[in-house]
Amino acid sequence: MSTTAFDDAARPRSLIVITGSSRGLGEALARQSLEAGHLVVGIARGRSETLERFAHERGLPLQQWQADLAHPLTIAQHLADWLRTQPGDWSAATLINNAGVVTTPGPIDGESLERLSGALRVGLEATVLLSAAFLDATRAWPADRKVLNISSGLGRRAMAGSALYCAAKAGMDNLSRAMALDEEHKAAKGERAARVVSLAPGIIDTDMQAQLRGGDASKFPDRDRFAAFKAEGQLASADDTARQVLKFLSRNDFGQQVLADVRDA
Ligand SMILES: NC(=O)c1ccc[n+]([C@@H]2O[C@H](COP(=O)([O-])OP(=O)(O)OC[C@H]3O[C@@H](n4cnc5c(N)ncnc54)[C@H](OP(=O)(O)O)[C@@H]3O)[C@@H](O)[C@H]2O)c1
């Protein structure tokens, strides 16, 4: 795992952990969070050289941890251990579960069992374990704590050719609703509580969209609709979406509506 060292005296006041930070929406979220003055911990298999350079040139505090979220136990434990070594006097601490995977567009019986398993682990198991590790390790922190899960409209409606993805996002949504109830219950007992949201980010011009419009139409009936999103300029840029997501994250009423869509904000 790579770490860009930063001067302790200039330590930022808030921390954001972002999964899937090596490209797409996660990379844009990480860059804008660095610009806003947060300490950013990014988690992905790859590392973004662009992000590394961006942080290095400006002396901004970035850590990029390379880990495979299809095997999330070790990295979730590492996150908990690392958080416990932190001073804990942040004004805010946020976990953004952004990493997500679409399998080959088509029915689940056309995909390898290994890839189905991996995608479900990245989309759902990693979200559960990282959230649990984050909430437990930061339990005593006075910081404003938030968990933001990056969901999808496909968690709320089904689409042929993407059953695994629909299942992972629907799981993420109801996980978030139940976690929010747990946090409410903690607050009612006078314990420190975190705020939880599952946010659909709209359609974004990233590798994930390329994968969908590159699918085989005979197995993925919506393929042409995804091709049209790109051809007709309907996709938002990762930067614009990240801006909207971070604006949503900073809302005073963040957490009041657990299932949200950035386009309704
Ligand atoms: N793009 C859209 O139109 C759209 C629409 C609705 C929702 N979303 C959601 O928005 C989020 C970001 O999507 P995106 O479009 O930015 O996707 P993307 O461009 O495909 O990027 C996915 C990110 O997840 C990471 N990731 C994938 N598998 C991983 C693994 N096994 N371990 C660790 N990290 C892994 C990737 O990093 P590595 O490959 O380096 O590991 C990458 O940083 C996802 O949750 C997606 O479901 C996207």
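Which side-chain atom lies 2.5 Å from an oxygen atom of the ligand?

1. The model is predicted, so that local features need pLDDT of at least 70 and side-chain atom pairs count only at pLDDT 80 or more, while totals for chains, interfaces and linings use all residues. Residues are numbered from 1 along each chain as its sequence is written, and side-chain values use heavy atoms, with hydrogens and water left out.

2. The opening question is answered by a polar side-chain atom of Y165, which lies 2.5 Å from an oxygen atom of the ligand. A polar side-chain atom of R23 is placed 2.7 Å from a ligand oxygen atom, and one of Q209 is placed 2.8 Å from a ligand oxygen atom; a polar contact here is a pair of N or O atoms within 3.5 Å. The ligand taken alone exposes 880 Å², of which the protein buries 94%, with accessible areas from the Shrake-Rupley method and a 1.4 Å probe.

3. There are 31 residues around the ligand, and S22, R23, N98, Y165 and T206 come nearest, where a residue is near if one of its heavy atoms lies within 4 Å. Helix 1 (24-35), helix 5 (163-188) and helix 6 (207-213) each supply at least two residues of this shell, and the largest share, three residues, comes from helix 6; helices are DSSP runs of H or I with at least four residues, and strands are runs of E with at least two. By class, the shell holds 14 nonpolar, 12 polar and five charged residues.

4. The second largest pocket holds about 170 Å³ of space, and among its 14 lining residues the closest to its centre are I16, H38, K146, L249 and S250. A pocket is, on a 1 Å grid over the protein atoms alone, an open set of points where a 1.4 Å probe fits, with protein on both sides within 12 Å along at least five of seven lines, and lining residues have an atom within 4 Å of a point. Strand 2 (14-19), helix 1, strand 5 (92-97) and helix 8 (238-249) each supply at least two residues of this lining, which divides into seven nonpolar, six polar and one charged.

5. S152, in the loop between strand 6 (144-150) and helix 5, counts as buried because its relative accessibility is 10%, buried meaning under 20% and exposed over 50%. A polar atom of the S152 side chain lies 2.9 Å from the backbone nitrogen of L154.

6. G59, in the loop between helix 2 (49-58) and strand 4 (62-66), counts as exposed because its relative accessibility is 57%.

Definitions and conventions
Polar contact = N/O pair within 3.5 Å; in protein donor to acceptor, adjacent residues only side chain to side chain. Nonpolar A, V, L, I, M, F, W, Y, C, P; charged D, E, K, R; others polar. Points joined across faces, edges and corners; volume = space filled by probe spheres on them. Buried < 20%, exposed > 50% of the residue type's maximum accessible area, 1.4 Å probe, protein only.
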